[in-house]
Amino acid sequence: RDHADRPVIDSETAAKIPHIVKTVNELPVISDMLRTGQKEVSFFKRDPDTGLLLKARIDLMSTADDGTTYIADFKKVRRGYARPRYFGTIVWDRGYDIQDSFYLEITGASKFIMVPMEDAAPFDADTYELDEGDPAEARLKWRALLDRFFEAQQSGQWPGYQRGVKRVKLPAWAKNKEEQPPEIIY
């Protein structure tokens, strides 16, 4: 009651937090970063090509003894989705590869580590970097999106869905009564 203006964590969520914290603290690179790094760091930079002010809020940032600067970004996922085969799909679907490129650009850091944390027992977690070659592709996607945003801002013409009635096709699994729909990854 004294803090009605602040978000409330329900008891079920609060009970999960110590388990997730324990798991994350046991991750090799992340445990060192948590001990020595800075949390919730804001960065601002003017894009030299468009003049747009860019900003990012970094979950965790740390510089190792060898001078390598790491960014860690924490991602809550469903149980089992911290596995490589599922998390790779999540990275692509949610644009975390683009976030990787953007955060490295704005901060000047060397490495971007994604930390998917499962939100149900056994509360597993893992650490990932983009595969070789993927950062260059992500940088191209990020740059194209930024340029597209700049053009829309300048012209006042914002892209969206095409207007009018369109046809939608049901997925193949929906037509087969024996087949179950795929589990949604969100």
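Mentor: The following account takes up the nonpolar cores, then the strand pairing and the pocket. The model is a predicted one. Its largest nonpolar core has 27 residues, and those with the most contacts inside it are Leu54, Ile58, Ile71, Phe87, Phe102, Tyr103 and Met114. At least two residues of this core come from each of strand 1, strand 2, strand 3 (69-77), helix 3 (84-94), helix 4 (96-107), strand 4 and helix 5 (134-155). Helix 4 gives the most, with five residues. Tyr103, one of the residues with the most contacts inside the core, touches Ala56, Arg57, Ile58, Ile71, Asp73, Gly108 and Phe112, when neighbours within four places in sequence are left aside. There is also a second, separate core of 12 residues, including Ile20, Leu60, Val115 and Ala125. In soluble globular proteins, nonpolar side chains tend to be buried together.

Two of the contributing strands also pair with each other: strand 1 (residues 38-46) and strand 2 (residues 53-63) run antiparallel over eight bridges. In this pairing, Phe44 stands opposite Lys55 of strand 2. The two strands form a hairpin with six residues between them, and Gly51 in the turn has a positive phi of about 80 degrees.

Ile20, a member of the second core, also lines the largest pocket, together with Thr13, Lys16, Ile17, Val21, Lys76, Met117, Glu118 and Asp119. This pocket holds about 180 Å³ of space. Helix 1 gives the most to the lining, with five residues, and strand 4 (111-118) supplies at least two. By type, the lining comprises four nonpolar, one polar and four charged residues.

How values were computed
Residues are numbered from 1 along each chain as its sequence is written. This is a predicted model: local features need pLDDT of at least 70, side-chain atom pairs count only at pLDDT 80 or more; totals for chains, interfaces and linings use all residues. Side-chain values use heavy atoms; hydrogens and water are left out. On a 1 Å grid over the protein atoms alone, a cavity is a set of points where a 1.4 Å probe fits but cannot get out, and a pocket is an open set with protein on both sides within 12 Å along at least five of seven lines; lining residues have an atom within 4 Å of a point. Grid points are joined across faces, edges and corners, and a volume is the space filled by probe spheres set on the points. Helices (H or I, at least four residues) and strands (E, at least two) are DSSP runs, numbered from the N terminus. Ala, Val, Leu, Ile, Met, Phe, Trp, Tyr, Cys and Pro count as nonpolar, Asp, Glu, Lys and Arg as charged, and the others, Gly among them, as polar. Two strands pair if DSSP finds at least two bridges between them. A nonpolar core is a set of buried Ala, Val, Leu, Ile, Met, Phe, Trp, Tyr and Cys residues joined through side-chain atoms within 4.5 Å. Buried means under 20% relative accessible area, exposed over 50%, partly exposed in between (1.4 Å probe, protein chains only). Contact means heavy atoms within 4.5 Å.
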